[in-house]
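Have the sequence and the 3D view open side by side. We will go from whole chains down to single helices and strands.

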Amino acid sequence: MNEIILIKNGELALKGLNRRSFEETLAKNIQKAAAPFGGVKVWRSQSTMFVTPLEGTDIEDAVEAIAKVFGIAALSRAAEIPKDMDEILPAVCEYLGDELNDAKTFKVNAKRADKKFPLKSPEICATVGEYILDHFPHLTVDVHDPDLIVTVEIRDTSAYIHKQPIRGAGGLPVGTGGRACVMISGGIDSPVASWMMAKRGLELSAVNFASPPYTSLRAEEKVKDLLSKVAEWSGEIRLHIVPFTEIQEAIRDYCPEDMLTVIMRRYMIKIAQILARKDEALALISGESVGQVASQTLRALECTDAAADMPILRPVIGMDKEEIVTIARRIDTFDISIQPFEDCCTVFTPKHPKTKPVLEKIMQAEKALEADEINVAAMIENAVRDTQLTIITPDR
Amino acid sequence: MERIQDTQEIYLDNSATTQPCPEAVAAANEMMVRFWGNPSSTHVKGSEAAAKLREARRAVASALSAAPEEIFFTSGGTEANNIAVFGAAAKNRRNGKRIVTSAIEHSSVLDSVAELEKQGFEVIRLAPDSHGHISPQQVAEAVNADTVLVTMMMVNNEVGSILPVEAAVRAARRNAPKAIVHCDCVQAFGKIPVSVKKLGADLITVSAHKIHAPKGAGALYKRKGLMIPSLTHGGHQEDSFRPGTEAAPVIAAFGAAAAIACDKSGMNQRYETIKALRDYTTQRLHGIDGIVINSPEDALPYIVNFSTCCVKAETMLNFLSERGIYVSGGSACAKGEPSHVIKALGLPRDAADSAIRVSFCGHNTTDDVDTLVNTVAEGITRLAHFH
């Protein structure tokens, strides 16, 4: 018996003329996601996507990987059977035998896409239901809230048998919305923000600021581990690690202590934009949430925004920590995020940061860095030049 | 961290682990290449391995002045400490409920007694002074008739202070005859004489990888006649007290390393050399403004703990590491959270956040110390600001 995976698109159905290119991207993403496990063939027919595992591919692994592909509302493992009731009936009891044994109640669902099939949908349901009851006498039919829904789909090519589908990752296929560049430190919020934007179809680049010796190689490894988890959903991520020590020390030495964090963030944004443009990204992504820390008040956001001339996407801006943590746990980044390594954001934290920085005064303070003997512009140039690129691939 | 210069590496973190000595490497290698049989097998292949295991057991026993049948090999210090603490508590459960220990034990002891506390035991954690000293009086007062277990390390692993373990044994024998006394000698073994006869403890923990053997082996000395329940069940190995097929290669290496480390004249000679090296180190460190030495003057000279008071330990560690100099932080982790030992010393915040541990072995030289001290000074110049 051949086993395949049936894919139900999510919002794709709504996308009018773009639909074809969206579906092509989705098919490509499915193939990529399953490639490490041996690969799959993806084909479309009658508004459904079919995924056939290639020889030697473990279907469990493939399903797990495809469940993380954005743009899929639901997916079902299904048995592929010739369109003949004499074949379908025993196949139902064999393919779903364990589930039928475990269930107490069930119902049968029939979808008849092939209008030439001799039995109509209600007749298919009745025949299959009766056959199941004959072979599993402990079961009763419950059409409202059954433990198991046995679905029989009659399509042009074959018949397909499956139980309730599993939930897909939702969202839109990565790559259909262009590219954005996430500023990632190692905390809980930025991986979640990356994941949320990938879910809206964006490809990801990432920028991390390293300040050795204040930050260690462990902090960089942590960022790579976090992004590997995100990459299971988003696909490959281009990670830029920027040497930031010189700039951070200059800010510390020449700017007022209570403005350090905001000024640092403004320079991070300036550098991130340069790298984003190199990757043809059209926006930055940040894990800020209003009021969480001093640099995330509206006044502080105003100051950081003013340093940018591309949009800064902040998908967790209105979320509580708890809501962010829930997603972080779902995507397995939480336990990595809480490893205690100093990161670029915790170096030189002022004791009493300004919660209401005034942009004008911040820009005034930055003038000190623009003096010839410090020349922050040259520092930025050096930092960009010495930035290391790493391609992050999924963990498994 | 990538190395900035291609200099010689300077390893000053010997309390974390040591480089395996050639004799240990050869012993392990021989067990894997030649004597790879299961020591429990009765055929020749097994008997050969068993003979090697016996040799190692004799070496470790002799290093502790114990009998071979009093030595039980484990996977390391942590397991030996767990067997000792939980075993003693289980055995003495009906005789009382007080456990006396110090606040600066290794986490494998502290976490174990904390677990016993949840089960209803009363745990007294003696607090050290700011140099990691605990007085014999403190111990004598804490050990009452209700005491079932006294567990105390001989040498503290972070500051090198020497704890009054002999006083602990005396107090226990006098005030609580049924109490079991356990001594974690991981940091003392191979550096100063550890004699089970002189110490008189019931249980003693030692570890292989701190004395130039590989990781993966340790031993628990259990006084002859003392019966405590084991934590694992399954086979007759280690007299059924610690069942499981023996890790023969690392155990053989442990035996080879113990014979070298605990050779009396070698040990004394090394002690004197390292004492001189320690004195040189503290003298040079005192030459840097603001540095305080956290280790007491009478500490085991193998460990020097100091604070720059102006550069976070993690930052200094990274700075030194980039330059091929390996030490460890008084902080177990980053973000300004000092270790339980450093916290227990009650140092001022700046000193606690910047505590660095240097730990020596016989390979270290005054050149190593010079490079370390010069680089620390350079680091302070470059990195010292608020933190």
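**A walk through the model**

Chain A holds 14 helices and 15 strands. Keep in mind that this is a predicted model. Along its principal axes, the C-alpha atoms of chain A fill a box of roughly 85 × 35 × 35 Å. The chain has 396 residues, and 44% of them are buried. Now look at who touches whom in chain A. Take the contacts between residues at least 6 apart in sequence: 80% of these join residues at least 24 apart.

Next, zoom in on one helix of chain A. Helix α11(A) spans residues 321-330. Which of its residues are buried? They are A:Ile324, A:Ile327 and A:Ala328. These three cover an arc of only 105° around the axis, so they sit on the same side of α11(A). Turn to the other side of α11(A), and you find A:Glu322 and A:Arg330 exposed. What covers the buried residues of α11(A)? The cover includes α6 (189-199) and α12 (334-337) of chain A. After α11(A) comes A:Asp332, and its phi is positive, near 65°.

Now switch to chain B. Its domain assignment gives two parts: domain 1 covers 23-261, and domain 2 covers 264-386. The C-alpha centres of domain 1 and domain 2 of chain B are 28 Å apart. Their contact takes 22 residues from domain 1 of chain B and 22 residues from domain 2 of chain B. What kinds of residue does domain 1 of chain B bring to domain 2 of chain B? By class, its touching side has 12 nonpolar, 8 polar and 2 charged residues.

Strands of a sheet pair through backbone hydrogen bonds, and the pairing is either parallel or antiparallel.

Find the open sheet of 7 strands in chain B. What is the order of its strands? It reads β2-β8-β7-β6-β5-β3-β4, and the pairing is mixed. At the edges are β2 (71-74) and β4 (122-126) of chain B, each of which pairs on one side only. On average, neighbouring strands of this sheet are turned by 20° against each other, direction ignored.

Look at one pair inside this sheet. Strand β6 (residues 180-184) and strand β7 (residues 203-207) of chain B run parallel, joined by 3 bridges. Here B:Cys183 stands opposite B:Ile204 in β7(B). A helix also packs on the sheet: α4 (residues 107-118) of chain B. This helix touches β3 (98-102), β4, β5 (147-153) and β6 of chain B. The direction of α4 makes about 155° with that of β3(B).

Finish with another strand of chain B, β10(B), residues 303-307. Is it enclosed or open? Of its 5 residues, 5 are buried, so β10(B) is largely enclosed by the rest of the structure. Its side chains are worth a look too. B:Ile303, B:Asn305 and B:Ser307 point one way from β10(B), while B:Val304 and B:Phe306 point the other way, and all are buried.

Which strands pair with β10(B) in the antiparallel sense? One is β9 (residues 292-293) of chain B, joined to β10(B) by 2 bridges. In that pair, B:Val292 stands opposite B:Ser307. Another is β13 (residues 355-359) of chain B, which pairs with β10(B) over 5 bridges. There, B:Ile303 stands opposite B:Ser359 in β13(B).

Definitions and conventions:
Residues are numbered from 1 along each chain as its sequence is written. Chains are lettered from A and ligands numbered from 1 in the order in which they are written. This is a predicted model: local features need pLDDT of at least 70, side-chain atom pairs count only at pLDDT 80 or more; totals for chains, interfaces and linings use all residues. Domain bounds come from an automatic or database domain assignment. Two residues are in contact if their C-beta atoms, placed from the backbone, lie within 7 Å. Ala, Val, Leu, Ile, Met, Phe, Trp, Tyr, Cys and Pro count as nonpolar, Asp, Glu, Lys and Arg as charged, and the others, Gly among them, as polar. A residue is buried if 20 or more other C-beta atoms lie within 10 Å of its own, exposed if 12 or fewer, and partly exposed in between; C-beta atoms are placed from the backbone. Helices (H or I, at least four residues) and strands (E, at least two) are DSSP runs, numbered from the N terminus. The arc is that of the directions from the helix axis to the C-beta atoms. Two strands pair if DSSP finds at least two bridges between them. Axes are lines fitted to C-alpha atoms, for helices over the stretch in contact, and angles run from 0 to 180 degrees between N-to-C directions.
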